[in-house]
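Please keep the sequence and the structure in view while reading.

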Amino acid sequence: MARKNPQRSVSLPNEITESLNIYAAQNHITVSDAIRQFIEQGLSVETYKKHQSEIRSYIREEIENTLSVVIKPYMDRLIKMQANATRSAAASLMATVKVLSENYIDNATPEEILANALRLSTVITRAKSKSDAEYLAEAREWIGADLGKPSDGG
């Protein structure tokens, strides 16, 4: 009568044999079952190592699919919203400068008011400060850019 599973004879050091006996007793299994479990675990680790690059490729592909299908549309929307917010903030700043220069501040040009606003913004944002001449040049550049016209980029 042939056996179902072939048998293998293995010699083990006493320490490993004792550890196997303790493990089997704690888990209420036979020593043979414990040995089979450890062999299966070892083989599964080896299989994992052999297929690791393939597994990583699948994971990378899933992440890229998730980014392009799920996250990218939201990122595109956020970028458009941020661009609109930036344009609105610039328009608001320019309108405020114009109102101040025309109605409330004597002896101050729009460039000087804007230069002061830019100077203040560097303090608030902790950006690198510039010289007064650099702030005035930047203000003239902003005002000369004709921010009232819509740009081609929309």
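## The largest pocket

By class, the lining of the largest pocket holds five nonpolar, three polar and four charged residues. Nonpolar here covers Ala, Val, Leu, Ile, Met, Phe, Trp, Tyr, Cys and Pro; charged covers Asp, Glu, Lys and Arg; the others, Gly among them, are polar. The lining has 12 residues. Nearest the centre of the pocket lie Pro-6, Gln-7, Arg-8, Ile-35 and Arg-36. The pocket volume is about 510 Å³.

A pocket is an open set of points on a 1 Å grid over the protein atoms alone, where a 1.4 Å probe fits, with protein on both sides within 12 Å along at least five of seven lines; lining residues have an atom within 4 Å of a point. Points are joined across faces, edges and corners, and the volume is the space filled by probe spheres set on them.

## Basis of the model

The model is predicted: local features need pLDDT of at least 70, side-chain atom pairs count only at pLDDT 80 or more, and totals for chains, interfaces and linings use all residues. Residues are numbered from 1 along each chain as its sequence is written, and side-chain values use heavy atoms, with hydrogens and water left out.

## Fold and overall form

The protein has five helices and zero strands. Its order from the N terminus is α-α-α-α-α. Helices (H or I, at least four residues) and strands (E, at least two) are DSSP runs, numbered from the N terminus.

The radius of gyration is 36 Å, while a compact globule of 154 residues would have one near 15 Å. This radius is taken over C-alpha atoms, and the globule rule is 2.2 Å times the number of residues to the power 0.38. The C-alpha trace spans about 110 × 35 × 25 Å along its principal axes.

Of the 154 residues, 9% count as buried (under 20% relative accessible area, 1.4 Å probe, protein chains only). Among contacts (heavy atoms within 4.5 Å) between residues at least 6 apart in sequence, 31% join residues at least 24 apart.

## The loop between H1 and H2

His-28 sits in the loop between helix H1 (14-26) and helix H2 (31-50). Its phi is near 55°, a positive value in a residue other than glycine. His-28 is exposed (over 50%), at 74% relative accessibility.

Thr-30 lies in the loop between H1 and H2 too. Thr-30 and Leu-20 are 10 residues apart in sequence, and their C-alpha atoms are 9.3 Å apart.
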